[in-house]
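Student: Could we go through this one together? I'd like to start with how the chain is put together and then look at some details.

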Amino acid sequence: MAGRISAVSIVEAVASDLRLRIFSGELASAQALTETEVATSYEVARPTAKAAIEKLVAEGLLVRGVHKTARVADLGPSSVRDIYLARAYLESEVLRRLAAARTVPAGAVQANRDIAALTTGAPLDVVEPDMRFHTSLIDAVGNERLSRMYSSLVAEVRLCMSRVQSLHLLDTALIQAEHQKLLELIEAGKGEEAARLLDQHLGRARERLVAAMGGEAGPEADLPYELSAR
């Protein structure tokens, strides 16, 4: 039993480090990642390297065809829109339900405080509490299956968010201010207003990232905070 626990631990440790390297941009989009390379780099057995790669393939961070080398996911404009729209569908309904009960998740409040307290502009420093803010909203509903559904998007969402931050597409103060407004709308029981603000909050990031990837940005890219917070 101890050996099995250790093996799983090593796989997760390798996958976790690869995940961070992808989020930070050290492993670039479309970069190949072979089992031999991973095994050599981390000094692990090839089956362990294979399992770590398969874990990231399942998360959508790596892609691999049959009998093909795994590559870092190369998110294009259409993929970015798919990811953001999928989370918007889930999060909008969650905001309505939280507002109906006037439930303001403590985890979301703390995550937003952590964003406000940031003193560095490092991309991953912003992404971690930002992701925690949105996940706290989902988990506050108390529906296990909904949380699992959202967690299946988390890796791809983090990848998008890391790209947004590394390209300096959004001001951290703007993110924090709109999060605060969302919490205030939930507390006031204004679910539809919260859902509209969320669409603008996510839409701005989505369309700016689409443009940075060579696509044509939609009008949401230029929404100022004054408009979205009305």
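Student: So which domains is the chain divided into?

Tutor: The chain is divided into domain 1 (10–72) and domain 2 (77–215), with bounds that come from an automatic or database domain assignment. This is a predicted model, in which local features need pLDDT of at least 70 and side-chain atom pairs count only at pLDDT 80 or more, while totals for chains, interfaces and linings use all residues. Residues are numbered from 1 along each chain as its sequence is written, and side-chain values use heavy atoms, with hydrogens and water left out.

Student: And how many residues does the contact take from each domain?

Tutor: Nine residues come from domain 1 and seven residues from domain 2, where contact means heavy atoms within 4.5 Å. The centres of the two domains, taken over C-alpha atoms, are 27 Å apart.

Student: What area is buried between them?

Tutor: About 710 Å² is buried between domain 1 and domain 2, and carbon and sulfur atoms give 61% of that; buried area here is the accessible area (1.4 Å probe) that two parts lose on being put together, summed over both. On the domain 1 side, Phe-23, Glu-59 and Leu-61 supply 61% of the area buried against domain 2, more than any other three residues.

Student: How many salt bridges are there between the domains?

Tutor: Zero between domain 1 and domain 2, although the structure holds 18 salt bridges, each being a side-chain nitrogen of Lys or Arg within 4 Å of a carboxyl oxygen of Asp or Glu. One of the 18 pairs Glu-35 with Arg-46, whose closest N and O atoms are 3.2 Å apart. That pair links distant parts of the chain, with Glu-35 in helix α2 (residues 35–42) and Arg-46 in helix α3 (residues 46–59), eleven residues apart; helices (H or I, at least four residues) and strands (E, at least two) are DSSP runs, numbered from the N terminus.

Student: Switching to strands, what is the order in the sheet?

Tutor: The open sheet has three strands in the order β1-β3-β2, with antiparallel pairing, and two strands pair if DSSP finds at least two bridges between them. The edge strands, β1 (32–33) and β2 (62–63), each pair on one side only.

Student: Which residue in β3 is the bridge partner of Leu-62?

Tutor: Val-72 is the partner of Leu-62, and two bridges join β2 to β3 (residues 70–72).
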